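Here are my notes on the model, as numbered points. Please read them with the structure open.

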Amino acid sequence: MIELIKSRRSIREFTQEEVSEDLIEKIIEAGKWAPSGLNNQPWRFLIIRKQDKIEEISKYTKYKKTVNSAKVLIIVFLDKGSSYNYIKDVQAIGACIQNMLLFIHELGLGACWIGEILNQSEELNRYLRVKDNLELMAVLVIGHPVKKERKSSRRDIQDLVIGWG
Ligand SMILES: Cc1cc2nc3c(=O)[nH]c(=O)nc-3n(C[C@H](O)[C@H](O)[C@H](O)COP(=O)(O)O)c2cc1C
């Protein structure tokens, strides 16, 4: 598990290889098993596979190239109708997204969490014609990773732990 967690990288370039519907369902399955406050499961997913739609959605972020390269988008929303506490619901959606990212990595696929697109939430929601009770949380871009070395780093534990009781 720790190896999986540490070796996951954000992938921003994908090959032309398709991602099957079966795999997409398995990824959603990993997401839906995340914990949520009162088990309210506030996440909703919109899956986009048509290339022309992906291209249209890419226009709503400055990470256009990354979005365009993807074979699948999983657009994650918070269902305000199931919400009972905004902070906890957003935290649960973070857990859901991380479950999916880790499972995508386990499958040998790659993904990147696109948050910048939230700057154009209203416009994107209008394009997608989603109901008013759905708040855009993130777009996950998914595909088969172009093979290359990807490095990342994290701060030292000493910088992060503020005390031991
Ligand atoms: C809330 C959130 C928003 C992010 N938004 C973007 C984004 O808009 N574009 C992008 O290329 N990467 C985005 N990322 C990916 C981060 O840049 C990446 O996770 C970070 O640089 C660490 O790299 P790693 O995921 O390879 O370990 C986002 C990640 C998170 C958690």
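1. Burial. Of the 165 residues in the protein chain, 28% are buried (20 or more other C-beta atoms within 10 Å of a residue's own; exposed is 12 or fewer, partly exposed in between; C-beta atoms are placed from the backbone).

2. Basis. This is a predicted model: local features need pLDDT of at least 70, side-chain atom pairs count only at pLDDT 80 or more, and totals for chains, interfaces and linings use all residues. Residues are numbered from 1 along each chain as its sequence is written.

3. Fold. The protein chain has 7 helices and 4 strands (DSSP runs numbered from the N terminus: helices are H or I, at least four residues; strands are E, at least two). Their order along the sequence is α-α-β-α-α-β-α-β-α-β-α.

4. Core. The largest nonpolar core holds 35 residues, and L140 and V141 have the most contacts inside it (such a core is a set of buried Ala, Val, Leu, Ile, Met, Phe, Trp, Tyr and Cys residues joined through C-beta atoms within 7 Å). Two or more residues each come from β2 (72-79), α5 (86-106), β3 (110-114) and β4 (134-143). The largest share, 8 residues, is from α5.

5. L140. Not counting residues up to four places away in sequence, L140 touches L73, I74, V76, I97, M100, A111 and W113 (contact: C-beta atoms, placed from the backbone, within 7 Å).

6. Ligand. The residues around the ligand include R9, R12, Y63, W113 and E116 (C-beta atom, placed from the backbone, within 6 Å of the ligand). β3 gives the largest share of this shell, 3 residues.

Terms used
Contact = placed C-beta atoms within 7 Å.
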